Amino acid sequence: MFVIAGVTGNTGKVAAETLLSQGKPVRVLVRDAAKGESWKKRGAEVAVTDLDDVEALTKALKGADGAYLLLPPNFAFQNPRADNGKRTRALFEATEKAGVRHIVFLSSVGAQHEAGTGPIGAVHDAEKIFSASKANVTFIRAAYFMENAGNSLYALDAGAYPTFLRPDLKVPMVATRDIGLVAAKALAEGGKGRTVIELEGPQEYDQNDVAAALSRLTKKKVSVQHGPEDAMVPALTGAGFPQPWAELYREMTHGVNTGHVTFEGGAAQHVRGTTTLETVLEGLLAARK
Ligand SMILES: NC(=O)c1ccc[n+]([C@@H]2O[C@H](COP(=O)([O-])OP(=O)(O)OC[C@H]3O[C@@H](n4cnc5c(N)ncnc54)[C@H](OP(=O)(O)O)[C@@H]3O)[C@@H](O)[C@H]2O)c1
C-alpha cells in the first residue's frame with residue numbers, strides 16, 4: 001500500500017491518481033476530512049492528519065510499502081529553516097516508527113548545497129535527515145516548477161511577464177505533473193538504498209522563452225519585464241509575503257541567476273519529463289478564465 005501526502009496539491013494529486021489508475025492500493029493524507037471524500041469515491045483509503053502530528057502520521061503510515069512526502073511551504077513559519085527542520089524531524093520520526101519501507105521525498109534542484117539557496121536549504125536538511133533512515137529513500141530533486149510562471153500572469157493584460165530571473169539564462173524547469181508521474185513510478189518500482197533523481201522537463205528554457213510562449217498562446221505581444229534582485233524583497237513583502245520568506249526567495253533567485261542552484265550530476269539519475277512549457281502555460285491560462 002502506498003501513502004501519498006499533498007493530494008490536494010500539484011504533485012501528490014498526480015502521484016495518487018496514477019497509482020489508483022494502475023489498480024494499486026493507495027492511502028491519501030489530508031488535513032481536512034471533506035477533502036478526502038472524492039478520493040474515497042476513487043477507491044483510496046483516507047487518513048486525516050497534519051504532517052506535524054507525529055502520532056496521527058505514524059498511524060497513517062503504518063503498513064506502507066512506500067510513502068510520498070513533501071515539505072509544503074508554511075508562510076507562518078517565522079524562522080523557516082528551523083521550523084521546517086522541526087517538521088522534517090516529525091516526518092522522519094513517523095516514518096521510522098511506522099516502518100515505512102520506501103520513502104519518496106520531494107526535494108529540489110540545488111539541494112546538494114548547504115547554503116545560498118533560500119528555501120531549498122530546508123530540503124537540503126531533509127535529505128540529510130532522511131538519509132539516515134532505515135528505509136530505502138528516493139529523493140526527487142525537481143527543477144524549477146513551470147507552474148511558477150503562474151505568479152506572473154497578473155501582468156499579462158499589460159503585455160508584461162515580470163520576473164527576477166535573468167531573461168536569457170536557460171534553466172531546468174519541470175511540470176508538476178511530471179513530478180507526480182515520476183513519484184508514482186518510483187513508488188511502484190520500490191527503492192534500493194539512497195537514490196537521487198534529478199528531474200527536469202523535455203528541454204531547458206529561459207524567461208524569454210516563457211514570454212514568447214505566452215505571446216504565442218495569447219496571440220498578443222508579451223515581453224519580459226526584468227526586475228533587479230534588489231527590488232525583490234520589497235516587491236514580495238509588498239505583495240504580502242512575510243519578510244523571512246521574501247529574503248529566502250531573493251537568495252534562491254540570486255542562486256539561480258549565478259548558476260549556484262543547479263543539478264549536482266555525479267551519481268544522481270537524470271530524468272526528463274515529457275510535459276512542455278507550452279502545455280503548462282496553456283493550463284495556467286485556461287485556469288484564469
Ligand atoms: N516551486 C518550485 O519551483 C519547487 C521546485 C522544487 C521543489 N519544490 C517543492 O515542492 C513543494 C510543493 O509541492 P506541490 O506543488 O506538490 O505542493 P502544493 O501544490 O503547494 O500543495 C501542498 C500540499 O501539502 C498539503 N499540506 C500543506 N500543509 C500541510 C500540513 N501541515 N499537513 C498536511 N498536509 C499539508 C496541502 O494540503 P491542504 O489542502 O490541506 O492545504 C497540499 O496538498 C514545495 O514545498 C517545495 O518543497 C518546489
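The axes of helix α3 (residues 54-61) and α4 come within 8 Å and cross at roughly 40°. That angle makes α3 oblique to α4. Angles under 35 degrees count as roughly parallel, over 145 as roughly antiparallel, 65 to 115 as roughly perpendicular and the rest as oblique. This is a predicted model, where local features need pLDDT of at least 70 and side-chain atom pairs count only at pLDDT 80 or more, while totals for chains, interfaces and linings use all residues. Residues are numbered from 1 along each chain as its sequence is written, and side-chain values use heavy atoms, with hydrogens and water left out.

**Terms for helices**

- Helices (H or I, at least four residues) and strands (E, at least two) are DSSP runs, numbered from the N terminus.
- Axes are lines fitted to C-alpha atoms, for helices over the stretch in contact, and angles run from 0 to 180 degrees between N-to-C directions.
- A crossing is right-handed if the near helix is turned clockwise from the far one by less than a right angle, and left-handed if anticlockwise.

**α3 and α4**

- α3 passes α4 in a right-handed crossing.
- V54, L57, T58 and L61 of α3 touch A90, L91, E93, A94, T95, K97 and A98 of α4; contact means heavy atoms within 4.5 Å.
- This contact has seven nonpolar, two polar and two charged residues.
- Ala, Val, Leu, Ile, Met, Phe, Trp, Tyr, Cys and Pro count as nonpolar, Asp, Glu, Lys and Arg as charged, and the others, Gly among them, as polar.

**α4 and α5**

- Helix α4 (residues 80-98) and helix α5 (residues 120-130) have axes that come within 9 Å and cross at roughly 30°.
- That makes α4 roughly parallel to α5.
- The crossing of α4 and α5 is right-handed.
- From α4, the contact uses R81, N84, T88, R89, L91, F92 and T95; from α5, it uses G121, A122, H124, D125, A126, I129 and F130.
- By class, six are nonpolar, five polar and three charged.

**α1 and α6**

- The axes of helix α1 (residues 10-21) and α6 come within 7 Å and cross at roughly 45°.
- α1 and α6 are therefore oblique to each other.
- Their crossing is right-handed.
- N10, T11, V14, A15, T18 and L19 of α1 meet T176, R177, I179, G180, L181, A183, A184, L187 and A188 of α6.
- Nine of the contact residues are nonpolar, five polar and one charged.

**Second largest pocket**

- The second largest pocket holds about 190 Å³ of space.
- On a 1 Å grid over the protein atoms alone, a pocket is an open set of points with protein on both sides within 12 Å along at least five of seven lines, a cavity is a set where a 1.4 Å probe fits but cannot get out, and lining residues have an atom within 4 Å of a point.
- Grid points are joined across faces, edges and corners, and a volume is the space filled by probe spheres set on the points.
- There are 13 lining residues, and K185, A186, E189, I197 and Q269 are the closest to the pocket's centre.
- α6 (176-189), β10 (194-200) and β12 (269-272) each supply at least two lining residues.
- The largest share, four residues, comes from α6.
- The lining has four nonpolar, six polar and three charged residues.

**Cavity**

- The structure holds one cavity of 30 Å³ or more.
- About 50 Å³ of space lies in the largest cavity.
- V109, Y144, V171, P172, V256 and V261 line the largest cavity.
- Six of these residues are nonpolar, none polar and none charged.
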